Amino acid sequence: MAYVAIADRDHHLHDPQTFVTKYIWSQDHKVIAIQYGSVAILVGLVALGLSLLMRLQIGFPETFSFITPYSYYQFVTMHGMIMVIYLLTALFLGGFGNYLIPLMCGARDMVFPYMNMLSFWVYFLSVIVLIASFFVPGGPTGAGWTLYPPQAIAEGTSGVDWGIVLMLVSLAIFIVAFTMGGLNYVTTVLQARCRGMTLMRMPLSVWGIFIATILGLFAFPALLVAAIMLLLDRAIGTSFFMPALISMGTQTGNDGGSPILFQHLFWFFGHPEVYIVALPAFGIVSDLLATHARKNIFGYRMMVWAIVAIGVLSFVVWAHHMYVSGMNPYFGFFFATTTLIIAVPTAIKVYNWILTLWRGDIHFTLPMLWACGFIFTFVHGGLTGLFLGNVTVDLPLSDTYFVIGHFHMVMGVSPVMVLFGAIYHWFPKMTGKMANETLGKIHFWMTFLGTYAIYLPMHYLGILGMPRRYYAYGNTEVLPESGVIVNQGITIAAIIVAVAQLIFLVNVFYSLKKGKPAEENPWRATTLEWQTPDTPPKHGNWGPKLPVVYRWAYDYSVPGADRDFIPQNEPPREAKA
Amino acid sequence: MMTALLIAMLTGITIWFLVVQRLKTKPWAEHGVIVGSQEGLTSSAPRVGLWVFLGVVTSLFLVFVGAYIMRKDHGHGGGMHAWVPVDDPDVLWLNTAVLVLASVAMQIARNAIARGAVAKAKPTFAMGGLLTVLFLAGQVWAWRQLSATGLYTAETPAYAFFILLTAVHGLHLVGGLFVLARTALRMRELDPGNAVALARADMSIGLCTTYWHFLLVVWIGLFWLLMTT
């Protein structure tokens, strides 16, 4: 069969020979994964720093002279864009997608290794273009991460000369990189699974990444179209999005463009983007919970269906981001309905995670702590989503800190919880060393409690009516004295959480140098990546022979078995009958 | 409108998914049984990769078309800045015919290489490439004709969309031409007796042909849209 020929093909063609081919122009999915992950985390640290600058301004206005309204909006914009696209998307799909898909499916590598390498380097280029915008005249764009025209390209917005152009170009480059990576992930899952690995035997991590990649492949073109057209409006004066405007006292040359069209395009990408980040997190957390509770995942088939259903539904809810933009009331009704329907498969997943824990043999290892933390933050963020999904509730809450609290909880903190859980879980496989438990636990508790200290009060501020995107609030009645104090508290909590992330970095470098050597399968997990002949796996992953899969990924605590887990590649006992 | 296209696309994906899946299996109850790994798909990885890519390109053009229609029907302007359709140059008909011929030439090359008739495949494949270059030149000619009328500026939305859509479609063909040129160069040395090289050429030409047919369909769709609006 054709797929065996590909999966079993000797990869002599790109066997690394030198330092450069092994670590820089590498075509090995594991090296590419670590390259993706490192760059994503690095650029994420920049975004973390920007969020602190924002918080300093909100918590202690009129204190820091270097934070002007001009630069404040740049911080807001770059923080949002970097976190959503260049950190979360890149780390989940480029990082974990690359690392886990071939290992979990029993393949030697991605099906198109050369394109996979290009994917990373093109991503790297997009990051460089993005970061370059900090150093051009006028600085990066301050249009807000949604880049809504007309203000994104109208005079008076920060970075209107260079920043916005670099941002749009960087996004276009990122989409090219993502498409090259995405084609690889999808084709590898479909074509390079080892013998016996049916789709319904794949671990949920792969399912989540697989469906998220498909969402990305279909949703990113909308962002590309929006970026190209906005770039043309900016560069050569077309009027796709730009209406007739009087800017700075003079009439611009534009006329007739539709700013709402941009919003449709942006959110047609933007909403699936939420699930591009969330679905891999859903998948990975399922595997963490099952492994560390020593129990099969509850309702595997339902979990797969829920992932697929969420993926499909995520394409028909985008306009719930636009309730206040003005639309036909029937549209609002339609989008509110679809938005609430999406809660059904999502709730199924949450119940199944909790039922997986029910009477499990729970080990509070580092990955498990983060996975349990995720359930809290996700339920929390998900429930406030139900508020905002209703048009009538959304109208007063729109553009307040309630929204900030909601989406940071659901797509900021929750995926990050899973990311850290996943890093601690697969760290032994990636590096051959165990991560330090004590440092990890300090990191967890500071982050978990700290993020609650940040985002829970924001809901209160939002209900008070504190609007988002304001540089300073002055003596408004909206923000009473208590609100000012809450804002100071949030800022202090944010600084503490940011410092906690340094503990993570220290842990990574310390454990790399001095960590306990990891066994092959320290978590006694069933999935294939733990059954490789070497730890960390060598080039080609499996030695001379590919694994054969005999069972699904969740044979934990099987009655009558010698151990409390049976790896996927362990043959059945013939003698049993 | 966009929603309708979208739902059609999603339905397509779901149906595909149901076809390749056997979602009624109970993986937890099937211990030890080796089930054939490939359940619904038998074509090889590059072919699957191409089809996934064509899905992405479909999505791109559908979004462009959606944007076009929304801008046309719901632009915020009136009077002299209302939507003014572009007077499409007649050369587009000729271009369309040339692109159809390119597709036909590619198909002949594909059929020939499948039979092992390398001598016939080489020139027809190259002919497909040349006709495509001719098509692109024709599109540029159409641009020049439009710009020579002096009626349109960048702010004329129909004109901006005309240039944008034809340019994006043309760029996809240019990308295809790179692959085509690489394949053609490799084929110059092709020995009909070498089964492996022949199979590789067969695959490459097959993939190029699929891509060309796809872009022809896209062009006919765009052409229809541009002509009727």
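This is a predicted model: local features need pLDDT of at least 70, side-chain atom pairs count only at pLDDT 80 or more; totals for chains, interfaces and linings use all residues.

Reader: Is A:R294 buried or exposed?

Author: A:R294 has a relative accessibility of 2%, so it counts as buried. The residue lies in the loop between α8 (259–292) and α9 (300–313) of chain A.

Reader: What is the phi of A:R294?

Author: The phi of A:R294 is positive, about 50 degrees, although the residue is not a glycine. Most residues other than glycine have a negative phi.

Reader: And A:N541, what is its phi?

Author: A:N541 is not a glycine either, and its phi is positive at about 65 degrees. You will find A:N541 in the segment after α16 of chain A. Its relative accessible area is 1%, so A:N541 is buried.

Reader: Next topic, peptide bonds. Which kind is the bond from A:P149 to A:P150, cis or trans?

Author: That bond is cis, with omega near 5 degrees. A:P150 sits in the loop between α5 (113–132) and α6 (163–191) of chain A.

Reader: What about the bond from A:T535 to A:P536?

Author: The bond from A:T535 to A:P536 is cis, with omega near -10 degrees. A:P536 belongs to the segment after α16 (481–514) of chain A. As background, most peptide bonds are trans.

Reader: Let's do rings. How many aromatic pairs are there over all chains?

Author: A search of the whole structure gives 61 aromatic pairs. In one of them, A:W445 and A:F448, the ring centres are 6.2 Å apart and the planes meet at 80 degrees, so the pair is edge-to-face.

Reader: Where are A:W445 and A:F448 in the chain?

Author: Both are in helix α15 (residues 437–464) of chain A, and because they are three residues apart there, about one helical turn separates them.

Reader: What is the geometry of A:W552 and A:Y554?

Author: The rings of A:W552 and A:Y554 have centres 5.5 Å apart and planes at 70 degrees, so this pair is edge-to-face. Both A:W552 and A:Y554 are buried.

Reader: And what does the charged end of A:R563 sit over?

Author: The ring of A:F565, with the charged end of A:R563 4.6 Å from the ring's centre.

Reader: Now the inside. How many residues has the largest nonpolar core?

Author: The largest nonpolar core has 254 residues. Those with the most contacts inside it are A:I85, A:Y86, A:Y123, A:W207, A:M229 and A:W353. Helix α4 (residues 69–105) of chain A gives the largest share, 22 residues. From chain B, domain 1 (1–74) and domain 2 (86–229) each contribute at least three residues to this core.

Reader: What about the second core?

Author: The second core is separate and has five residues, including A:V111, A:F112, A:A192 and B:A45.

Reader: Switching to chain B: how many helices and strands?

Author: Chain B has six helices and zero strands. Of its 229 residues, 48% are buried.

Reader: Last topic, confidence. What is the mean pLDDT of chain A, and of chain B?

Author: For chain A the mean pLDDT is 92, and 96% of its residues reach 70 or more. For chain B the mean is 86, with 83% of residues at 70 or more.

Reader: Where in chain B is confidence lowest, and where highest?

Author: Confidence in chain B is lowest in helix α1 (residues 2–20), at a mean of 66, and highest in helix α3 (residues 91–115), at 96.

Reader: In chain A, where does pLDDT stay under 50?

Author: Over residues 1–13 of chain A, where the model has 21 contacts beyond four places in sequence.

Reader: And what ipTM does the predictor give the complex?

Author: The ipTM is 0.92, and the pTM is 0.94.

Note on methods. Residues are numbered from 1 along each chain as its sequence is written. Chains are lettered from A and ligands numbered from 1 in the order in which they are written. Side-chain values use heavy atoms; hydrogens and water are left out. Helices (H or I, at least four residues) and strands (E, at least two) are DSSP runs, numbered from the N terminus. Buried means under 20% relative accessible area, exposed over 50%, partly exposed in between (1.4 Å probe, protein chains only). Rings of Phe, Tyr and Trp (its six-membered ring) pair if their centres lie within 6.5 Å; planes under 30 degrees apart count as stacked, over 60 as edge-to-face and the rest as tilted. A charge sits over a ring if NZ of Lys or CZ of Arg is within 6 Å of the ring centre and within 35 degrees of the ring normal. A nonpolar core is a set of buried Ala, Val, Leu, Ile, Met, Phe, Trp, Tyr and Cys residues joined through side-chain atoms within 4.5 Å. Domain bounds come from an automatic or database domain assignment. pLDDT is the predictor's confidence in each residue, from 0 to 100. Contact means heavy atoms within 4.5 Å.
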